[in-house]
Every structure is written in structure tokens, then in C-alpha cells.
Amino acid sequence: MSKFEALTGNAAVATAMRQINPDVVAAYPITPQTSTVQTFADFVADGLVDTEFVCVESEHSAMSACVGASAAGARVMTATAANGLALMWEILYIAASNRCPIVMSLVNRALSAPINIHCDHSDVMGIRDSGWLILFSENGQEAYDNLIQAVRIAEHPDVLLPVAICQDGFITSHALERVEIYDDADVRAFVGEYKPQWPLLDLEHPKTYGPLDFYDYYYEHKRQQVEAMEHAQRVILEVAEEFNRKFNRNYGLFEPYRLEDAEVAVIVANSTAGTARVVVDRLRDEGLKVGLLKPRVFRPFPAEELADALSHLKAVAVMDRSISFGAMDNAGPLFLELAAALALHGVQVPMADYVYGLGGRDILPHEIERVYRDALKVAETGRVERRVTYLSVRE
Amino acid sequence: MRRQRRESRVHERYLRHSKKFPNIWCAGCGIGIVLGAIIRAVDGLQLDKDDVAMISGIGCTGRMPVYVDFNTMHTTHGRALAFATGLKMVRPEMKVIVVMGDGDALAIGGNHFIHAARRNIGLTAIVVNNLTYGMTGGQYSPTTPIGALATTAPYGHIEQPFPIAELAVAAGAAFVARSTVYHVRELEKYIARAINVEGFAVVEAVSYCHTTLGRLNRWGTAPEMMRRLKENSVTLKQAESMSEEEKRGKIVRGIFVEQEIPEYTRLYDRIIERAQQRTSLQVETA
Ligand SMILES: Cc1ncc(C[n+]2csc(CCOP(=O)(O)OP(=O)(O)O)c2C)c(N)n1
Ligand code: SF4
């Protein structure tokens, strides 16, 4: 039987980790992730899991230890945020290229400088091209559910790629919410046993990971990573379907809300989608045809499916919690990628980008309402007055 | 010569009153005492504030530069010495004080610490050793004693700690001293000497974190932990006549090394000079 508990996002993630019972966890503390691993350290000390818990001396070492353990054939997890993720950067690529199915809880926090411990998405957007799968979570429940699914996705023989599960620093990582925790046995049955295909410690069949690989085969190895990414979308959906059936949920590549008959929509990931949903209901009460699309899977980017889901709209407003400095119009990465996806799939809809909430700046319903009202105007005139707006910033 | 009586509120002249006060430190924390000692040391040396740079990494200790009116840089966790090295290379005449927690200096930034010492670059490294990662909530650090409870070692710590001062000596630093936040005058004196040293100078300031590690281990309140520093420490001289057994668990205070060895930026200048001489010779003979 599942039960409902009042848990912070981090505690929900730690609970998922306890149920998954990974072989190795290597991590280094960083706000706002710290309490995840600290809670998990208690589980280890109390003998509730069989995990080898490695307390390393930096995130660079954490990810390195994860890669080593994963290559050896272990089921491996870690957690980090912001500068911790930045310090892992070198090894993130190695994890993906070595096809290590590591699962990471990434609690989104602004990158320095200046120093800031609060939420934005600059950290995760820096690893867009690293070869990791990236999934967003609106709240603790989704972080918990996504983490459980991530193990299956990462370890699927057609994928074998690391997965990062994001949630918003403090906003959900530290907020106490009602989370449905499934029965331990059910979760264990769902994730199953990990059978590594090419473990380093299989002494009968010696292997090597990551040796010199120049113009002879490096390129082919990269091509194989592409293939794994291509498979990933199918696998994510298969795993979601099984999960939905078993635990009565409704995961897909993204989550539409009152989108079907909408004329304008906002696209926003993680916790702000929850606020936007409230605004949608309010505006619907006024008779305005507004909807919401909350991305779940960011890597691999479901371009065609997104284009399909948005093709009937008259205006689209994307909300980005980071900036791609120097990119077209200094817009945010979500906007840029979505704009390309719609254009290439022949969907012609006026689009605008709204950068918001950098460094944890609060985003309030009335500000999201403004985004909707802008979009409604665009829908009427067919003209975008301003491509990129930086919401609630002193200029 | 009798020293002049010091004005009682010397700190006031060095603090950035416009900035984030009250500070973030827990009431009773030792870090403020170290900051006070640094300020008085700088004041005693009559340095111009603008000739002093204070660089920190991240942590409770790392917050120090926020509050003082020197040239300051708050960098990333573990990299304070690396940033400071860059600064010193460009402005070798500057007094560069680097403040770090034990985690900052010896875990995530441990590599920079030993190499700055080996290179003997003229930085003053002040390590506030509170035996834990204070800011992130009492996880064990490279200086946590064996047997202590930490949030990442709920049943007791099993790893050997680094003795910071001894490590710095072994790595080749020009000046190494250790004192505690109880022995404030001594600490201030060591810091002043360290700032005046030409090469890499390390002052280990043993402190405590009553909020995290102290609470976990029931080591008592801040004053009680302060008393431990007093009762549990011996001078280098006293330590000389003690057996290994007697010295176990004691904090040994004093100046561990003070040597004149060539400082890195000076050596570097000489290399530039030599290279320029050679090229000008070549030009002449061409
Ligand atoms: C790359 C990176 N990893 C982790 C952190 C999180 N973090 C902030 S302070 C800290 C440890 C602080 O301990 P210490 O350096 O001993 O200083 P104290 O707070 O005890 O003064 C950690 C792990 C960070 N800021 N950056
Ligand atoms: S947490 Fe510990 S080290 Fe940090 S300010 Fe409080 S007492 Fe000092």
C-alpha cells in the first residue's frame, strides 16, 4: 500500500533513493541539495539500504567516483546543484560517453557570480549538450516519481545514458508537501535488478573504458550516443506508461493543461508551472482561452511532439529561468529550442520569451497573468512587439 | 618602546557599514574573532587599506570579505588560493590575505593549498579550522577528529584528519603558525607576522562550530567550546617535553616554521629580467 507523507522535495528524493537502494552513492554537500544526501546518509548508517556511500572531497571527485562505480557494474546515484554541477562538468561528459547509467538529483540553483543560493535554471542549461537525459519536476511528487523512472530509463540497454532529474531549489526542494510514497516492494519491483552489460569487474571478459580514441573511432562513438538519445524518447514513454499503470499517474513527454481549445499558451518548466496553472484557471473564469504546457523531458528534446501540441495556437509565450547569453536576442534556451522546433516542423505561431526569476527572484501570479495578457494581444494582432522580456527586473 | 594604547573601536574603521550587517555568523561563533584579529593585525602594521586584498572561497569563513573595506573578492568553493595567485602575480606589491575554512582549504581546494605552499607564493593563508563544513550543516571535513559524529558520519568518523600546520610545513611554506580563537592576542601576533612574510604564510586558527558539529557531539555552548580550546592546547615549547601519548588530542600552538626562501613572484621577475637581457643581447649581436 502506498501512503501519503508530508515531505520536502529533497526528502522525497531521498526516500526514492532508499527504495531504489543503489549500490553506490558518491556526493558532496551543496545548498540546496545537501539535505537529500544527508537524509540518505542516515539511511545508510541505519542499515536501511545496502549502499556504499562515498563522501568525497568535491563534486569533481563525486562524479568521478560515480563513473568508476558505474563502469564496475554498480547502480549509482548522486545529487548536486549549481556550482557543484559546474565542477562536475568535465566528468559529466565522461559519464555520458562511457555510457554510464548514473542517476542524479539536480536541485536547480543559480550559478555564481555573484554568489546566490536560490533557484534558477542556469545550472542545468549548462549541461544541455553533455549527453545527459534531463527531466523537469514541478514538485516533490514529480521529483520522486521521475527519479524512480530515471533508473529504468538510464539502464535500458537501448539507452545506457545518465539522467538528471531537476526540481527547483528551495521552492520545492525545501517546501513541505503531500507526497504519495509507494510501497517499498512495489518500487523495488518496478526498478528491478540492474544487470550491467559490460561490467569492468567481469574478470573473465576484460573491458576497457575511455581509452585513446582518435580519428579512427571517436566519431563512431559519438554517433552511437546520438542513437542512444534517439532511443531514449521511446524508452521514456514506455517506462512512463508502465509507471502510470502501476502507480496511477499520468507522465508523458510534457503535460498540457487546458491546452486543447486554447488560443494562447505559456510554456514553463518546474515549479512555476504550478503557479501558471492557477493563473490559467483564473483567466478561464473570465472566458479567456488560455492554456499551459509544462515540459517534462528536455533531453532528448521532443521537437515534433511539441510542435504538434502547439500547432493550433495563435500565440505562444515561453518562460525561461535562465539566459543563453549572446544567443539570438539573448533569449532563454527553452525559447530558442522551441522556436527552432516549431519553425522546422512548419508551425507558424508568433512567439515571445519571458525571462524570469533569476537568482531566486519571486514570480507572482499577476506577473504570469501579464504574460498571458501580452500573448492574448499578440494573438489578436498577430504581431510580437517585443521578442524577449526580462520580467520584474530593475532596468 | 612602549606600545601606544590602541583605540578600542579600531574595527569600526575597517568595516563596510553599508554592507550586510548584522553578519551571518551564529552568535558566539569564532570566525568573527579571527576577523577581528586580522583587522587589528593590519592596523598594527599600518598598512593602507587599499594595499590589502582579502580573498575568500565559500563557507561561513568565506563570508569574511563581505564585511571589510579592503579590496575583496568572494570566489568559489575551494579556489580562493587560485584566484589569489592570479592577483598576486599581477600586483605582487599587494598584501593578499586569503581566508578559508578547513573544507575550502583542504578538501575541495586541497590541491591549491599544497601547491601554493610548494611554490612559495607570497600570500597569507588564514585557515579557520572549525573541524567541519559549518555552512552546509556539519558534514565531516578533512580535519574532523576520528570518532566525532558528523551529519555524514552519524555513528562516528573513521577517517584520519589532516593536521593543517604540519601539512603546510611539509608542503614547503615559508611561515606556519597555529593558534586558537581563545588565544586572541597570540593569533593576532601570528597573523601580523604572517602578513609580513615574503613567501607563503599559513596561520591555522583553530575555532569551533557550536551550531553544527558542537551540537551533534554535545560539546556544549560556544563559551564551553572556547574553554576547551584554552584547556586543551599547549605551546610548542610545552609539547617538546611531552610524550606522544600526552600530546594526543592536544592543540599545539606556536610558530612551526619561519624561513627565508625565495618568493615566487620575485623569482618570476628575475626570469623575466634574464629573458629580456638575453633577447636584448641577441638584438645587439644581430
Ligand atoms: C563547488 C561547490 N561545492 C559545494 C559547495 C557547497 N558548500 C558551501 S560551503 C561548503 C563547506 C564549508 O566548509 P568549510 O570550507 O570548512 O567552511 P566553514 O563553513 O566551516 O567556515 C560547501 C560544501 C559550493 N558552494 N560549491
Ligand atoms: S554554522 Fe558554525 S561556523 Fe558557521 S557561523 Fe555558525 S557557528 Fe560559525
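**Legends to the close-up views**

View 1. Helix α8 (residues 210-216) of chain B gives the largest share of the shell around ligand 2, namely three residues. Helices (H or I, at least four residues) and strands (E, at least two) are DSSP runs, numbered from the N terminus. The model is predicted: local features need pLDDT of at least 70 and side-chain atom pairs count only at pLDDT 80 or more, whereas totals for chains, interfaces and linings use all residues. Residues are numbered from 1 along each chain as its sequence is written, while chains are lettered from A and ligands numbered from 1 in the order in which they are written. Among the residues that surround ligand 2 are B:Trp25, B:Cys26, B:Cys29, B:Cys60 and B:Cys209, together with B:His210, B:Thr211 and B:Thr212. A residue is near a molecule or strand if its C-beta atom, placed from the backbone, lies within 6 Å of it. By class, this shell holds seven nonpolar, five polar and no charged residues. Nonpolar here covers Ala, Val, Leu, Ile, Met, Phe, Trp, Tyr, Cys and Pro; charged covers Asp, Glu, Lys and Arg; the others, Gly among them, count as polar.

**View 2. The surroundings of ligand 1.** Ligand 1 is surrounded by 24 residues, of which the closest are B:Gly59, B:His77, B:Gly101, B:Gly103 and B:Gly134. The shell draws on residues from chains A and B, so the site is shared between chains. At least two residues each are supplied by α4 (82-97) of chain A and by α4 (102-106) and β5 (132-133) of chain B. The shell around ligand 1 consists of nine nonpolar, twelve polar and three charged residues.

**View 3. The contact of chains A and B.** Chain B contributes 17 residues to the contact and chain A contributes 14 residues. On the side of chain B that touches chain A, seven residues are nonpolar, ten are polar and none is charged. Two residues are in contact if their C-beta atoms, placed from the backbone, lie within 7 Å.

View 4. A residue is buried if 20 or more other C-beta atoms lie within 10 Å of its own, exposed if 12 or fewer, and partly exposed in between; C-beta atoms are placed from the backbone. B:Lys95, B:Ile97, B:Val99 and B:Gly101 point one way from β3(B), and B:Val96, B:Val98 and B:Met100 point the other way. Strand β1 (residues 52-56) of chain B pairs with β3(B) in the parallel sense over five bridges, and B:Ala53 stands opposite B:Val96. Five bridges also join β3(B) to the parallel strand β4 (residues 124-129) of chain B; here B:Gly101 has B:Val128 as its bridge partner. Two strands pair if DSSP finds at least two bridges between them.

**View 5. The two domains of chain A.** Chain A is divided into domain 1 (3-247) and domain 2 (254-390). These bounds come from an automatic or database domain assignment. The domain centres, taken over C-alpha atoms, are separated by 28 Å. In the contact, 28 residues of domain 1 meet 20 residues of domain 2. The side of domain 1 that touches domain 2 has 14 nonpolar, ten polar and four charged residues.

**View 6. A six-stranded sheet of chain A.** The strands of this open sheet follow the order β9-β11-β10-β13-β14-β15, with mixed pairing. β9 (254-257) and β15 (388-390) of chain A stand at the edges with a single partner strand each, so one side of each is left without a neighbour in the sheet. Neighbouring strands are turned by 20° against each other on average, direction ignored. Helix α9 (residues 272-285) of chain A packs on the sheet, touching β9, β10, β11 and β13 (315-320), and its direction makes about 165° with that of β11(A). Axes are lines fitted to C-alpha atoms, for helices over the stretch in contact, and angles run from 0 to 180 degrees between N-to-C directions.

**View 7. Backbone details of chain A.** Most residues other than glycine have a negative phi, and most peptide bonds are trans. The bond joining A:Thr31 and A:Pro32 is cis, with omega about -5°; A:Pro32 is placed in the loop between β2 and α2 (34-45) of chain A. The bond from A:Arg299 to A:Pro300 is also cis, with omega near 0°. A:Arg99 has a positive phi, near 60°, and counts as buried because it has 21 C-beta neighbours inside 10 Å.
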